[in-house]
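Here is a short briefing on one protein chain. Look at the structure first, then read the points below.

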Amino acid sequence: NGSILRVTGDITVGTNNTMDGSESSVLGGEDNCIGSNADCSVVVGGYCNVLLSDFNIIGGGCCNILCSGCHNSILGGRCNHLEGSTTDSSENTIVGGYQNCIGNNGFKCVVKNFIGSGCSNKICNGLFNFIGGGASSKIGGSSGDSVGNIIVGGASNEICNTSCYTFIGGGSLNCSTSATCFGFIGGGCQNRVCENHDAVVGGNANCTNGGCAFVGGGYSNNNT
């Protein structure tokens, strides 16, 4: 009839949901929880999701946990985890998948990072990093900020501490070592870039270690 329903304050809908924050809402699902320190946050639905900090959203899924920071989101999936320091974790997103994690154990900057899907992928720290999917891939580590790195997919690929603007397209067990910037690995298996501007297109067990070094493919090539 053209009328508008206006609701102010907290909203809790669904089964056995808990809402202890201020100006926050649980809009559906079952056994979801918004903690007492999670003001202005939303759990849309799903099962056993937990949200513990301000200005965040969990869209759905199962057993997802969003621990800290603000303007972060877990949109779905299962057992995904997003954490960080209260002041330096913001605008991170996990779309879905299983056991993916964006987080830093509370002591490094974690801002504007993205994991699309897949399983057991992790972005440890830094800014503007991206993992599209795949399994068990990792960006960053326990020290230093990693910036602008990309892993599209594959399995067990890694871009290590303090790297910047390095790219791994796919494959498995490929690695860019610590503090490598503008590195490139297209795919393959067990390939490694170790210096700035190094590139390995593909192949198996190839390595560059010279700065602006290049390996196109093949097996066990080493360009220093």
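Helices (H or I, at least four residues) and strands (E, at least two) are runs in the DSSP assignment, numbered from the N terminus. By that count, the chain has 29 strands and zero helices. The model is a predicted one.

**Overall dimensions and contacts**
- Along the principal axes, the C-alpha atoms of the chain fill a box of roughly 70 × 35 × 25 Å.
- Take the contacts in the chain between residues at least 6 apart in sequence: 1% of them join residues at least 24 apart.

**Burial and surface**
- The chain has 224 residues, and 44% of them are buried.
- Its accessible surface comes to about 9,500 Å².
- Carbon and sulfur atoms account for 53% of that surface.

**Charges**
- The chain carries 7 positive and 14 negative charges.
- The mean position of the positive charges and that of the negative charges are 8 Å apart.

**The salt bridge**
- How many salt bridges does a search of the whole structure find? The search finds one.
- This salt bridge joins the side chains of Glu91 and Lys112, at 4.0 Å from N to O.
- The pair links distant parts of the chain, 21 residues apart.
- Glu91 sits in the loop between β11 (89-90) and β12 (93-94), while Lys112 sits in the loop between β14 (110-111) and β15 (114-115).
- Glu91 has a relative accessibility of 42%, so it counts as partly exposed.
- Lys112 is also partly exposed, because its relative accessible area is 37%.

Note on methods:
Residues numbered from 1 in each chain as written. Predicted model: local features only at pLDDT ≥ 70, side-chain atom pairs only at ≥ 80, totals over all residues. Heavy atoms only, no water. Buried < 20%, exposed > 50% of the residue type's maximum accessible area, 1.4 Å probe, protein only. Contact = heavy atoms within 4.5 Å. Areas by Shrake-Rupley, 256 points an atom, 1.4 Å probe, with all protein chains shown as cover. Lys, Arg positive; Asp, Glu negative; His and termini not counted. Charge placed at Lys NZ, Arg CZ, Asp CG, Glu CD.
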